[in-house]
Amino acid sequence: MFSAFSPLGSPGVARQDVLASLVVFLVALPLCVGVAVASGVPAELGLITGIVGGIVVGAMPGSALQVSGPAAGLTVLVFEAVREFGLGTLGAIVLATGVLQIALGLLRFGRWFRAISVAVVQGMLAGIGLVLILGQLYTMAGAEQPSSGLDKIAGLPGLAADVVDGGTVLLSFGVGLGTIAVLVLWPKLPAGARAVPAPLAAVALATAGTLAGGADIATVQVQGLVDAVDLPGLDDLSALGGAAALGTVLAFTLIASAESLFSAAAVDRMHDGPRTHYDKELVAQGTGNAVCGVLGALPMTAVIVRSSANVRAGARTPLSRILHGVWLLLFAVALPGAIGAIPLAALAGVLVHAGCKLIPLGELAPLWREHRGELLVLAVTAVAIVTTNMFEGVLLGLLLAVVKSAWETSHVHVGTRELTGGRVLVTLSGNATFLRLPRILETLEALPKDRPAELDLSAVRHLDHACRVALESWITRHNSDAARGAARAAQPDPA
């Protein structure tokens with residue numbers, strides 16, 4: 001771990017890390033608050049997760065430059081968990097998630113999370129993005145969002161009618177649209193203006209505008225950092241025995257771990273410093289989630305937006321991500337009232353923009369041209385998340401990816417040639433599995449019924465039980481029928 005800090009001995013590195021930490025802090029601040037509000041929990045809980053992600057996870061070995069905190073990718077699942085189990089049980093679920101991640105890291109499962117189909121991960125993020133966009137459109141209008149994805153879609157015409165009617169709804173929605181416009185246009189501004197992170201600029205401008213205009217729209221509710229801490233009790237921990245809670249823990253673990261390790265791989269491609277140790281990074285993420293669970297805060301993952309900002313700002317050591325957590329802590333303690341002035345519609349606009357970025361639109365055309373099976377997995381996963389829930393959608397995507405992989409790897413070739421004495425030699429090569437059994441049997445049953453056959457399986461790399469039984473049954477039946485046909489042909493004609 002100390003080797004990760006060794007560049008601090010070089011002149012200027014510490015100063016560069018301090019400057020990078022301020023950039024990451026300014027990016028993380030509105031996102032921590034926005035993710036918390038969208039998850040249906042107090043805004044301070046998002047800041048607590050960001051603080052833990054910086055100070056605790058930032059000081060642990062794993063990835064030197066990626067930054068952790070509350071992520072938009074878990075917003076939908078957290079919202080569902082809070083609604084179903086309550087805020088207290090959320091802490092117990094996050095604690096269990098952290099313990100499970102630590103165990104997986106110690107058992108060296110970190111590298112295996114990289115084996116998850118990229119199409120499933122992209123479909124998961126696209127589904128989350130769609131649900132996030134649909135839900136935050138209601139928040140932008142100051143309306144309560146429906147519970148299910150289908151209800152959100154069904155309610156859009158009514159929401160549009162309310163916005164068109166004008167009044168406070170239109171004003172609130174306009175603040176959200178203005179926030180999105182700033183986020184879209186900010187990267188096109190001169191370099192000097194872009195020194196301020198786009199999310200911070202968008203939220204600051206929306207807050208200043210609503211305060212100056214005296215707009216009567218909903219703002220973030222603030223209760224103080226210490227008051228927001230909600231330690232899970234014995235009843236909350238006992239709720240983990242239920243199947244639904246355990247399913248949520250598994251979903252949190254799978255999604256948080258996969259997103260963190262995929263983010264680590266992406267961050268490693270952005271710099272030439274130390275590479276990520278995936279098992280150690282999984283332990284670090286688990287430790288952070290365990291601490292967040294004890295404090296009753298949101299779950300965390302490594303977040304690519306903050307991580308890329310850290311690398312682009314010139315960070316060289318973990319000091320930058322640790323300090324970003326320190327700045328979040330100082331802000332939450334010293335200026336809690338500033339959070340209470342932020343319009344909810346502005347945060348919703350930030351998350352709508354984040355949701356759009358989760359949808360891999362640029363990948364769709366190449367996948368359609370080259371890997372349509374992968375595109376199918378992506379689309380089915382995304383649609384399943386929108387129409388059912390996160391856990392079931394991801395499971396369906398994983399199942400479809402496994403079936404697709406099994407189908408593509410079970411290539412088998414069936415060849416035939418004649419031998420002396422009228423016999424037919426049938427040669428199979430490749431992987432003979434039950435998925436290809438209909439095609440194999442169709443070829444075999446087309447052979448002449450009156451000629452004996454032999455099976456050559458020496459070139460088969462894999463033969464599963466279903467294929468073996470079916471082939472043995474077919475050769476026995478076929479040769480028996482051929483023998484009976486030959487016996488009948490050998491009998492003298494009664495005439």
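**Exercise 1.** Between which two helices is the loop that holds Val229? Work out also whether Val229 is buried, partly exposed or exposed, and how far Val229 lies from Gly91.

*Solution.* The model is a predicted one.
- Step 1. Val229 sits in the loop that runs between helix H11 (225-228) and helix H12 (234-238).
- Step 2. The relative accessibility of Val229 is 31%.
- Step 3. In sequence, Val229 and Gly91 are 138 residues apart. In space, their C-alpha atoms are 9.8 Å apart.

**Exercise 2.** Describe the backbone and surroundings of Arg108.

*Solution.* 
- Step 1. Arg108 belongs to the loop between helix H5 (87-106) and helix H6 (118-140).
- Step 2. The phi angle of Arg108 is near 65 degrees, which is a positive value in a residue other than glycine.
- Step 3. With 48% relative accessibility, Arg108 counts as partly exposed.

**Exercise 3.** How many disulfides does the whole structure hold? Check Cys292 in particular.

*Solution.* 
- Step 1. A disulfide is a covalent bond between the sulfur atoms of two cysteines.
- Step 2. The search of the whole structure finds zero disulfides.
- Step 3. For Cys292, the nearest cysteine sulfur is that of Cys32, 10 Å away. The cut-off for a disulfide is within 2.5 Å, and Cys292 is in no disulfide.
- Step 4. Cys292 has a relative accessible area of 0% and is buried. Cys467 is buried too, with a relative accessible area of 0%.

**Exercise 4.** At what angle do helix H2 and helix H15 pack? Name the resulting arrangement.

*Solution.* 
- Step 1. Helix H2 spans residues 13-38 and helix H15 spans residues 304-312.
- Step 2. The two helices pack at about 160 degrees, and their axes are 8 Å apart.
- Step 3. Angles over 145 degrees count as roughly antiparallel, so H2 and H15 are roughly antiparallel to each other.
- Step 4. Their crossing is right-handed.

**Exercise 5.** Which residue lies over the face of Trp368?

*Solution.* 
- Step 1. The residue is Arg372, at 4.0 Å from the ring centre of Trp368.
- Step 2. As for aromatic pairs, the structure holds one.

Methods: Residues are numbered from 1 along each chain as its sequence is written. This is a predicted model: local features need pLDDT of at least 70, side-chain atom pairs count only at pLDDT 80 or more; totals for chains, interfaces and linings use all residues. Side-chain values use heavy atoms; hydrogens and water are left out. Buried means under 20% relative accessible area, exposed over 50%, partly exposed in between (1.4 Å probe, protein chains only). Rings of Phe, Tyr and Trp (its six-membered ring) pair if their centres lie within 6.5 Å; planes under 30 degrees apart count as stacked, over 60 as edge-to-face and the rest as tilted. A charge sits over a ring if NZ of Lys or CZ of Arg is within 6 Å of the ring centre and within 35 degrees of the ring normal. Axes are lines fitted to C-alpha atoms, for helices over the stretch in contact, and angles run from 0 to 180 degrees between N-to-C directions. Helices (H or I, at least four residues) and strands (E, at least two) are DSSP runs, numbered from the N terminus. Angles under 35 degrees count as roughly parallel, over 145 as roughly antiparallel, 65 to 115 as roughly perpendicular and the rest as oblique. A crossing is left-handed if the near helix is turned anticlockwise from the far one by less than a right angle, and right-handed if clockwise.
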